[in-house]
Amino acid sequence: MRKQQRKLSFLIIIALVIVMLASSVMVASPADSQNPALSTKPSIPQPTTDPTVPTATDPTVPTGTTPTSEPTQPSQPTETTAPTTPTAPSEPTKPTEPEGPSLQSRDAFVYDCRTGKFLFTTGDIHDKLYVASITKLYTAYVALLYLKPTDIVTVGNILDTLPSDSSIALLNPKDKLSVADLILGMLLPSGGDAARVLAVAAGKAYLGTTDETEYYYYEAFVREMNRQAQLLGMNDSNFKNPDGYHDPDHYMSLADAARLGELCLTSSRIMESMQTKVYTAIVHNTARDILWTNTNKLIFQDRYPEFYHPQAVGGKTGYTSAAGNCLLSTFMVEDGYLIIGAFGSETRDGRFNDTLKLFKYVDA
């Protein structure tokens, strides 16, 4: 009986302990329920007081959080300054021509046939230039493309077209002369009459007919002069007649004058004629003789020692009021030739002085 009572007392005590533990949980203080460390539920983050919605690039947004609005598109990078356009390279400064000697001539050049280069020029080698009777060298070159030196030519009435103030070789309308003599008459005394007679004869040979007027063949030859100039690379030239009588549309350039000098070197007939000092032509049908003297003072040792130069092997003078006094010369140098042009001198002797100065200047 006594054992049952002790067992019952022990059960009652255990029950009381359980009741007391349960009561202590139920009466926990409100302050404890506010403590996150004691809370049995996870705390829910409260919204921030900043009304700005963070963007996907905002570092305050936790990883994996979906933004409430579309993120703004990243803007294209902008140049802080407009790109600077590279400055185009300026045109290379044209090398100034050597000062050279003091010249009377308005225009001048020295051309080296060995190298194909100008050693001296007074200006743009392609500028328009009036060259007066220097034209006759070119007339000789073109005429010899169609005529043989031994061909006999009758002078004819083309002399009527020659201006009264032209230089002449003293030809008469019915005279018969060889082409070789007509070239000498054109180059030594600078006969404009000989130039026009050659133009007619070469025009006939060029066209292959003889039944047109002399002036028709004369004009055909002038057209052929211009056509040949283009073929020969003389692109700055235009010819209106075969003798160089002034016409505003009759001109060459320094570059083309140098080219003409080169062409003359290829013709033994022209070179021989330019070196001839004095010549007596015989008119075939009358036996009349005509004395011609070269106007180039550079080749006369006895007559013009002050201008003579042993290396000057040819040349041609020219003059009109528009062109001034002109001279195109060829000088022999070691292994080749120099061509010197002097144009627009105020005096006749100025062109010779200038030529000698230029030769000394480049050959020194």
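Visitor: How many bridges pair strand 1 and strand 9?
Guide: Six bridges, and the two strands pair in the antiparallel sense. Strand 9 covers residues 336–345. Just so you know, this is a predicted model.

Visitor: Which residue is the bridge partner of Ala-108 in strand 9?
Guide: That would be Ala-342.

Visitor: Is strand 1 mostly covered or mostly uncovered?
Guide: Mostly covered: strand 1 spans residues 107–112, and five of its six residues are buried.

Visitor: What joins strand 1 to strand 2?
Guide: Four bridges, with the strands running antiparallel. One of the residues involved is Asp-112, whose bridge partner in strand 2 is Lys-117. Strand 1 and strand 2 form a hairpin with four residues between them. In the turn you'll find Gly-116, which has a positive phi of about 70 degrees.

Visitor: What is the strand order in the open sheet?
Guide: The order is 2-1-9-8-7, so to speak from one side to the other, with antiparallel pairing across five strands. The edges are strand 2 (117–121) and strand 7 (312–320), and each of them pairs on one side only. Ignoring direction, neighbouring strands of this sheet are turned by 15 degrees against each other on average.

Visitor: And how many bridges join strand 7 to strand 8?
Guide: Eight, again antiparallel, with strand 8 made of residues 324–333. In that strand, Asn-325 stands opposite Tyr-319.

Visitor: Switching topic, how many aromatic pairs does the structure hold?
Guide: There are 12. One of them is the stacked pair of Phe-331 and Phe-359, at 4.5 Å centre to centre with 20 degrees between the planes. This pair links distant parts of the chain: Phe-331 is in strand 8, while Phe-359 is in helix 9 (residues 348–363), 28 residues apart.

Visitor: Are Phe-331 and Phe-359 buried or exposed?
Guide: Both Phe-331 and Phe-359 are buried.

Visitor: Which residues form the aromatic cluster?
Guide: Phe-109, Tyr-111, Phe-118 and Phe-343 form one cluster.

Visitor: What lies over the face of Tyr-251?
Guide: Lys-128 does, at 5.2 Å from the ring centre.

Visitor: Last one, zooming out: how many helices and strands are there?
Guide: The protein has nine helices and nine strands. Of its 364 residues, 40% count as buried. The protein exposes about 21500 Å², and carbon and sulfur atoms supply 55% of that.

Definitions and conventions. Residues numbered from 1 in each chain as written. Predicted model: local features only at pLDDT ≥ 70, side-chain atom pairs only at ≥ 80, totals over all residues. Heavy atoms only, no water. Buried < 20%, exposed > 50% of the residue type's maximum accessible area, 1.4 Å probe, protein only. Areas by Shrake-Rupley, 256 points an atom, 1.4 Å probe, with all protein chains shown as cover. Pairing = 2+ DSSP bridges. Axes fitted to C-alpha atoms, helices over the stretch in contact; angles between N-to-C directions. Phe/Tyr/Trp six-rings, centres within 6.5 Å; stacked < 30°, edge-to-face > 60°. Lys NZ or Arg CZ within 6 Å of the ring centre and 35° of its normal.
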